[in-house]
Amino acid sequence: MYVDLVKYIYESTSLPIQNRVPGERVLYAISHRGPRVLSAPPPDLLSVKLVRSCRKLALMWHAADQALLAEAAFYSNSVQEAPALTGPDAMAVYYHLESFVLFSRSALDIASYVFGWMLPAPFPNDRYDSFHRLLNTLARHKEAFPEITPILASRDNPKGWVPILVGEERGRCLRDKLAHQTEFPIDYEDLPFTEKRHAVVRLSDQVCFALPEFLNVVRDGVLDGFHRLEESVPRGSVHT
C-alpha cells in the first residue's frame with residue numbers, strides 16, 4: 001500500500017523514478033524486517049513518516065521546476081541587460097526558490113527519523129529528528145557504511161549540496177539563513193561571451209552558481225543521498 005502511494009506521489013512531478021523509486025527499498029525493509037530494536041516505533045508509524053519524506057522530495061523537485069519557469073517568465077519580460085527582481089514575477093521566483101531549499105532539508109530531516117531506526121549495526125539506533133545529527137553519527141561509523149562516502153565528500157566541498165542545507169555551525173548554511181535571517185540570494189551577473197545578465201546564486205564571495213546549476217546540484221544531491229541511505233538498509237527478513 002505505502003509503495004503504491006509513493007509511486008503515485010512522484011507521478012505528478014518530473015522526479016526520475018524509472019530505475020528506482022525513492023522510499024521503495026526502506027518501505028520493503030520496514031514491512032518485511034522491521035526495526036532491529038524493541039524500543040523503535042511501530043512499523044506503520046515509520047512507513048507514514050517515510051511517505052511524508054517522499055512527498056517532500058516530490059515537492060522539492062516540483063519547486064525546482066517551477067523556480068526555473070518563474071525565473072524564465074520574469075527574465076523574458078525584463079530588460080535583460082539590467083534585470084531587477086521586482087513585481088509579481090519576482091514574487092514567484094523567490095517563493096519557489098525558498099520553498100525548494102526548505103522542502104529539500106525537510107525531506108532529509110523527516111527521513112532521518114526513519115533511517116535512525118532502520119540502519120543496521122554498528123549504527124546506534126535512536127530517534128533522529130535532524131539530518132545533521134544523523135549524518136554526524138554516520139560519519140563516526142563511515143567504515144561500516146561505504147555507501148555514504150559521496151555524502152561525506154559533499155559535506156567537505158564548498159560547492160557541495162550538503163553545506164547548502166546543513167551547516168556545521170548553527171545558522172551558517174543557506175537553509176538556516178532563509179529560515180531565520182535573510183531572503184534567497186539570487187542576483188544577475190554578466191556571463192562570459194554575452195551582453196546579457198543571467199541569474200546566479202551567490203552564497204559567498206567564493207561560492208557562486210548559475211541558477212540551473214544550483215538547483216541541479218541540490219536536488220540531484222538530495223535524491224542521490226536518499227538513495228545511498230536506502231542502500232545502507234538491509235532488505236532481509238532476519239532481526240539482528
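This is a predicted model: local features need pLDDT of at least 70, side-chain atom pairs count only at pLDDT 80 or more; totals for chains, interfaces and linings use all residues.
Start by selecting residues 43-76, which is helix H3, together with residues 211-231, which is helix H9. Two packed helices are described by the angle between their axes and the distance between the axes. Here the angle is about 165° and the axes lie 11 Å apart. That makes H3 roughly antiparallel to H9, since angles over 145 degrees count that way.

Now show the side chains between the two. From H3, the residues that meet H9 include Leu-50, Leu-57, Trp-61 and Glu-71. On the H9 side, look for Leu-211, Arg-219 and Phe-226, among others.

Next, pick residues 87-118. This is helix H4, with 32 residues and a reach of 47 Å from its first C-alpha to its last. That span is close to the 46 Å expected at 1.5 Å a residue. Follow H4 along to Ser-112, where a kink of about 30° is centred.

Last stop: Thr-13. You'll find Thr-13 in the loop between helix H1 (2-11) and helix H2 (24-32). Is Thr-13 buried or exposed? Its relative accessible area is 18%, so Thr-13 is buried. Select Ala-58 and His-62 as well: leaving aside neighbours within four places in sequence, these are the residues in contact with Thr-13.

Conventions. Residues are numbered from 1 along each chain as its sequence is written. Side-chain values use heavy atoms; hydrogens and water are left out. Helices (H or I, at least four residues) and strands (E, at least two) are DSSP runs, numbered from the N terminus. The expected span of a helix is 1.5 Å times one less than its number of residues. The bend at a residue is the angle between axes fitted to the seven residues ending there and the seven starting there. Axes are lines fitted to C-alpha atoms, for helices over the stretch in contact, and angles run from 0 to 180 degrees between N-to-C directions. Angles under 35 degrees count as roughly parallel, over 145 as roughly antiparallel, 65 to 115 as roughly perpendicular and the rest as oblique. Contact means heavy atoms within 4.5 Å. Buried means under 20% relative accessible area, exposed over 50%, partly exposed in between (1.4 Å probe, protein chains only).
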